Amino acid sequence: MKFKPVSDYFLLSLPLLFLLFHNRAEARLLSLSLSRPKPDAAASFARWLVSQSSWGVLNTLSSDLGGAPFGNVVSFSDGLPDEGHGIPYFYLTTLDPTASNALKDQRSSLTISEYPVGTCGKSDPENPTCSKITLTGKLKVVAGNTGEAEFAKKALFTKHPEMKGWPKDHNFQFFKLEIENIFLINWFGGPKPLTVEQYLQAEMNKLSFAARITF
């Protein structure tokens, strides 16, 4: 029996790999149920980007590194799917530097890129037309046995169901980023002027009701 060279099998598999990744990307696009706002609608665009994203880079200040910034990839949620209210919530363990850093110094920032959402086309993630947002503020523990803690739990466990099974003895706690500044790039011309109040009060499709949630 004569076997084909390994390179032949690789070439034969290329169309299958293309279809696999193409279909996955297409499925991600089809999963979006909120339309992408126009770039000049800064507040709505920022809310859309946070709502449609599920992870980002959370930066804290590390006392172990002499106060240097420490960035960590984390999952987050600002509410139930398509019903976010703009404030990112996290489920973090104090065994990880991010949570332990925040307990010593709350100053933090969360950076999110539109690229993983799947709506940047062929643009590079650094291209201004592929939006990015940095939310700067204070990373705080959400008080237990409160309406906000229940909201955070439901928001995170719905968007990230795997979290339900994470080890109970790892001291996971719910955190939120109390936003103080917003840096948004979603087109050419530099960052869009956007206040925290404008961001939180933005109305966009299903977000119009969620924006008025208070605890």
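1. Take a disulfide to be a pair of cysteine sulfur atoms within 2.5 Å. On that test, the whole structure gives 1 disulfide. Cys 120 and Cys 130 are the partners, with S to S at 2.0 Å. The link is right-handed, at 80° about the S-S bond.

2. A word on ground rules: this is a predicted model, so local features need pLDDT of at least 70 and side-chain atom pairs pLDDT 80 or more, while totals for chains, interfaces and linings use all residues. Residues count from 1 along each chain as its sequence is written, and side-chain values use heavy atoms, leaving out hydrogens and water.

3. Where do Cys 120 and Cys 130 sit, buried or exposed? Both are buried (under 20% relative accessible area, 1.4 Å probe, protein chains only).

4. Now helix α4, residues 147-159 (helices are DSSP runs of H or I, at least four residues; strands are E, at least two; both numbered from the N terminus). Its 13 residues should span 18 Å at 1.5 Å a residue, and the end C-alpha atoms are 18 Å apart, so the two agree (the expected span is 1.5 Å times one less than the number of residues).

5. Buried residues in α4 include Phe 151, Leu 156 and Phe 157. Among what covers the buried residues of α4 are β3 (89-93) and β6 (172-185) (contact means heavy atoms within 4.5 Å).

6. β3 and β6 run antiparallel, joined by 5 bridges (pairing takes at least two DSSP bridges). Tyr 89 is opposite Lys 176 in β6. β6 also pairs with β5, antiparallel over 10 bridges; there, Leu 135 has Ile 182 of β6 as its bridge partner.

Notes. Buried < 20%, exposed > 50% of the residue type's maximum accessible area, 1.4 Å probe, protein only.
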